[in-house]
Amino acid sequence: MAKLNINGKVRDVQVEAQTPLLWVIREQVGLTGTKYGCGVAQCGACSVHLNGAVVRSCSIPVGSLKASDRIVTIEGLSAASSHPVQKAWAELDVPQCGYCQSGQIMAAAALLKKTPNPTDKDIDDAMTNICRCGTYQRIRAAVHRAANMAKKA
C-alpha cells in the first residue's frame with residue numbers, strides 16, 4: 001500500500017511498487033485528465049507536477065514516491081479552470097484534437113512558475129511535449145498570454 005498526496009488529498013492506494021504513477025492517477029484514483037500517450041516519457045501527455053516540478057507520470061514508479069510528495073494533476077491545477085494558463089488556452093483556442101493539452105498546460109504552468117516572463121527560447125526549451133496536431137505556435141502565444149495575465153493579477 002502507498003500513501004500519495006494527490007491534489008491536496010492523501011490517498012491510500014493498493015498497487016505494486018513498480019506501478020507507474022500515471023496508472024494510479026487514472027485507474028486507482030479516477031482522475032482521467034492525465035493522459036497515456038507513449039508510455040516511455042517522451043510525449044508528455046502524462047505530465048503532472050511533483051513537488052512543483054513538471055514530470056512525466058508514466059515513468060515514475062509509485063514505490064519511488066514518499067507520502068510527503070505533492071502531486072498535482074490537471075484537475076488540481078485550479079478551481080473552475082481559473083489558472084492563467086487555462087484561461088489563455090481557451091482564449092486562443094489552442095487545442096485542436098485536445099489529447100495532449102492537459103500535459104501541455106501542466107508543462108506551461110511549471111514553466112511560468114519558474115520563469116514568469118519567458119522568452120520564445122525559454123518556451124521552446126521548456127515545452128518538450130509532443131502535439132500531433134502541431135499547435136506549437138498557439139501554445140507559445142498562450143504561454144506569453146498567460147504570463148501577461150499573471151503579471152496583471
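Predicted model: local features only at pLDDT ≥ 70, side-chain atom pairs only at ≥ 80, totals over all residues.

Biologist: Is Ala88 buried or exposed?

Modeller: Ala88 lies in helix H2, which spans residues 84-91. A residue counts as buried when its relative accessible area is under 20%. The value for Ala88 is 0%, so Ala88 is buried.

Biologist: Which residues does Ala88 touch, leaving out those up to four places away in sequence?

Modeller: Ala88 and His144 are 56 residues apart along the chain, yet their C-alpha atoms are separated by 8.6 Å. With residues up to four places away left out, Ala88 touches Ala142, Arg145, Ala146 and Met149.

Biologist: How do H2 and H5 pack: parallel, antiparallel, perpendicular or oblique?

Modeller: Helix H5 covers residues 136-152, and its axis is 8 Å from that of H2. The two helices pack at an angle of about 130°.

Biologist: How many nonpolar residues take part in the contact of H2 with H5?

Modeller: On the H2 side the contact includes Val85 and Trp89, and on the H5 side it includes Ile139 and Val143. The residues of this contact comprise no polar and three charged ones, while the nonpolar ones number 10.

Biologist: Is Ala107 buried or exposed?

Modeller: Ala107 is part of helix H3, residues 101-114. Beyond its neighbours within four places in sequence, Ala107 contacts Val54, Met127 and Asn129. Its relative accessibility is 5%, so Ala107 counts as buried.

How values were computed: Residues numbered from 1 in each chain as written. Heavy atoms only, no water. Helix = DSSP H or I, 4+ residues; strand = E, 2+ residues; numbered from the N terminus. Buried < 20%, exposed > 50% of the residue type's maximum accessible area, 1.4 Å probe, protein only. Contact = heavy atoms within 4.5 Å. Axes fitted to C-alpha atoms, helices over the stretch in contact; angles between N-to-C directions. Nonpolar A, V, L, I, M, F, W, Y, C, P; charged D, E, K, R; others polar.
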